[in-house]
Amino acid sequence: MESLYLSGEFSRSLVNPPIYSAIALLSFLAIIFGIIFKDKLEYQVALWQQNREGQGQIRYRTPGIIFSYTLCNLFAFGFVAACLHVFGLSLALAALVGGILVFSTAGLIWWRLGSLLELLAVGGSQATELDFLDAEAAVEGE
């Protein structure tokens, strides 16, 4: 079955095809919720920095952070699936490929985020500064 977008039916009209509007809306929402997630995470790091002795680790598994991260990934999934559908994949195949790409990456990022925040709590900001590690290795190599 050929997609309406590939057959050129929408190219003769001045109306924007609905899939293109969905792509723009989904990308906007994914970016907005990504910014909200970043801000909520920075807020938790700032709270931890003010009270390091009383709080041993950074609390990143709060409902607000989980909700914003989940919505960011759901909108990113919709964006990727819609983009793949425009290129001619069926909607089911586009959703499958988009789900594998987005949700596997999102799970890996969430898993590594915990390790990164543990490093930050134990070693301070120098533990996550990659330029500092490269400079230290260069000095040791000389």
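Among contacts in the protein between residues at least 6 apart in sequence, what share joins residues at least 24 apart? In this predicted model, the share is 64%. The protein has five helices and zero strands, and along the sequence the elements follow the pattern α-α-α-α-α. Of its 142 residues, 27% count as buried.

Two packed helices are described by the angle between their axes and the distance between the axes. Helix α2, spanning residues 18–50, packs on helix α3, residues 63–86, at an angle of about 155°, and their axes lie 8 Å apart. That angle makes α2 roughly antiparallel to α3. The crossing in which α2 passes α3 is left-handed. By class, the residues of the contact of α2 with α3 comprise 20 nonpolar, seven polar and one charged.

Next comes the pairing of α3 with α4. These helices pack at an angle of about 145°, with axes 8 Å apart, and α3 passes α4 in a right-handed crossing. On the α3 side, the residues that meet α4 include Ile65, Ile66, Tyr69, Asn73, Phe77 and Leu84. Their counterparts in α4 include Leu91, Val97, Gly98, Gly99, Val102, Phe103, Ala106 and Trp110. The residues of the contact of α3 with α4 divide into 19 nonpolar, four polar and no charged.

Once neighbours within four places in sequence are set aside, asparagine 73 is in contact with Val102, Phe103 and Ala106.

Phe37, Leu41, Val45 and Trp48 in α2 meet Trp110, Leu113, Leu117, Leu120 and Ala121 in α4. This contact of α2 with α4 has nine nonpolar residues, with no polar and no charged ones.

Several of these names return in the protein interior. In soluble globular proteins, nonpolar side chains tend to be buried together. In this model, the largest nonpolar core has 13 residues, and those with the most contacts inside it are Phe37, Leu41, Trp110, Leu113 and Leu117. At least two residues of this core come from each of α2, α3 and α4 (91–123). The largest share, five residues, is supplied by α4.

Leucine 41 belongs to helix α2 and counts as buried at 13% relative accessibility. Not counting residues up to four places away in sequence, leucine 41 touches Tyr60, Ile65, Leu113 and Leu117. Leucine 41 and arginine 61 are 20 residues apart in sequence, and their C-alpha atoms are 9.5 Å apart in space. Turning to leucine 113, its contacts, leaving aside neighbours within four places in sequence, are with Phe37, Leu41 and Tyr60.

Key:
Residues numbered from 1 in each chain as written. Predicted model: local features only at pLDDT ≥ 70, side-chain atom pairs only at ≥ 80, totals over all residues. Heavy atoms only, no water. Axes fitted to C-alpha atoms, helices over the stretch in contact; angles between N-to-C directions. Helix = DSSP H or I, 4+ residues; strand = E, 2+ residues; numbered from the N terminus. Parallel < 35°, antiparallel > 145°, perpendicular 65-115°, else oblique. Left-handed = near helix turned anticlockwise from the far one by under 90°. Nonpolar A, V, L, I, M, F, W, Y, C, P; charged D, E, K, R; others polar. Core = buried A, V, L, I, M, F, W, Y, C linked by side-chain atoms within 4.5 Å. Buried < 20%, exposed > 50% of the residue type's maximum accessible area, 1.4 Å probe, protein only. Contact = heavy atoms within 4.5 Å.
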